[in-house]
Amino acid sequence: MMPEQLIPADLFIEANATLWARPNLPYKLKPSADRQGLQELVPGAWKASKMKNTSQKSDADSAFDSVNDVQKKIVPAGESIPGLDVDAFQRMNLNRSKLILVTSLVNKVPNLGGLCRTSEIFAVGTVVLPNLQLTETKEFQNLSVTAQKWLNIEEVRPYHLKEYLMRKRHDGYLLVGLEQTANSKSLTDCKFPPETLILLGNERSGIPVELINILDVCVEIPQLGVLRSLNVHVSGALAVWEYTKQCMMSS
């Protein structure tokens, strides 16, 4: 357990503290034989401490009194099970979507790592990277947080991208570009079929015209502020989430 995940002692209430002292429990806590002081402890000390300082409670202390929930973080299986066959585990995970997220035009490694993390969380079927070797870099892994171990990842260099897109269209995929164009549709109005490919643009230049012309549709994210565009990781995550809502979570 990470240190920041430890529950502070002052969040326990009397019901929790006295629970361990009940004589009718089917188990007993074994105090350490090396620490006589532990054997002499009695329940209720935490509450007594809080009662002692009742008149000096701050607003923050009062807020903690009503806490009834804590963080719950899941450790990835690959980090917690020694000797796990990651490839076999990945093959068993059949509940992934058919979505293909193409990031071949993205230049910045942290954006690629973040997009892989988002894709793994939302069960994207395939992520296409410009270079598979990037997954071995610290810069990538700082953002991916082991997501590359669980994803189906392919490599398509930018100069092979047009051929790859045409092949996927032949396979029955709808080709969607996340780009602001003269004819782009709002993301909220786009209906994704299960076989969807989403192409993300370069951080500075977006999607080149020669690729826009072979896409089935371009979608843009509605914006209410002053700035012209979102970071590619953020916009990619929003598009993946919209697909997930429509194709993976619809009843």
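**Reading a predicted model: backbone, core, helix and charge pairs**

Author: Valine 145 counts as partly exposed, at 41% relative accessibility; the classes are buried under 20% relative accessible area, exposed over 50%, and partly exposed in between, with a 1.4 Å probe and protein chains only. This is a predicted model, in which local features need pLDDT of at least 70 and side-chain atom pairs count only at pLDDT 80 or more, while totals for chains, interfaces and linings use all residues. Residues are numbered from 1 along each chain as its sequence is written, and side-chain values use heavy atoms, with hydrogens and water left out.

Reader: What is the mean pLDDT of the chain?

Author: pLDDT is the predictor's confidence in each residue, from 0 to 100. Here the chain has a mean of 81, and 63% of its residues reach 70 or more. Over residues 47–52 the value stays under 50, and the model has 3 contacts beyond four places in sequence for them; a contact means heavy atoms within 4.5 Å.

Reader: What is the phi of valine 145, and where is this residue placed?

Author: Most residues other than glycine have a negative phi. Valine 145 has a positive phi, near 50 degrees, and sits in the loop between α8 (138–144) and β3 (153–155). Helices (H or I, at least four residues) and strands (E, at least two) are DSSP runs, numbered from the N terminus. Threonine 146 lies in that loop between α8 and β3, and its phi is positive as well, near 70 degrees. At 16% relative accessibility, threonine 146 is buried.

Reader: Which residues touch the most other members of the largest nonpolar core?

Author: A nonpolar core is a set of buried Ala, Val, Leu, Ile, Met, Phe, Trp, Tyr and Cys residues joined through side-chain atoms within 4.5 Å. The largest one has 29 residues, and Leu101, Cys116, Leu129, Phe192, Ile198, Leu200 and Val219 touch the most other members. Among the elements that supply at least two residues each are α7 (109–121), β6 (196–200) and α11 (232–247). Another core, of 17 residues, lies apart from it and includes Leu105, Tyr164, Leu175 and Leu211. Beyond four places in sequence, Phe192 touches residues including Val176, Ile198, Ala239 and Tyr243.

Reader: Against which elements do the buried residues of α11 pack?

Author: They pack against β1 (100–102), α7, β4 and β6. Among the buried residues of α11 are Val232, Ala239, Val240 and Tyr243. At the N-terminal end, asparagine 231 caps α11, with a side-chain oxygen 2.7 Å from the backbone nitrogen of histidine 233.

Reader: Where is asparagine 202 placed?

Author: Asparagine 202 is in the loop between β6 and α10 (209–212), and is buried at 15% relative accessibility. A polar atom of its side chain lies 2.8 Å from the backbone nitrogen of arginine 204, and the side chain reaches the backbone nitrogen of serine 205 at 3.1 Å.

Reader: How many salt bridges does a search of the whole structure find?

Author: Side chains of opposite charge can pair when their charged atoms come close. The search finds 6 salt bridges, each a side-chain nitrogen of Lys or Arg within 4 Å of a carboxyl oxygen of Asp or Glu. One of them joins glutamate 120 and arginine 96 at 2.8 Å, N to O. This pair links distant parts of the chain, 24 residues apart: glutamate 120 in helix α7, arginine 96 in the loop between α6 (86–92) and β1. Glutamate 120 is partly exposed at 23%, whereas arginine 96 is buried at 16%.

How values were computed
Polar contact = N/O pair within 3.5 Å; in protein donor to acceptor, adjacent residues only side chain to side chain.
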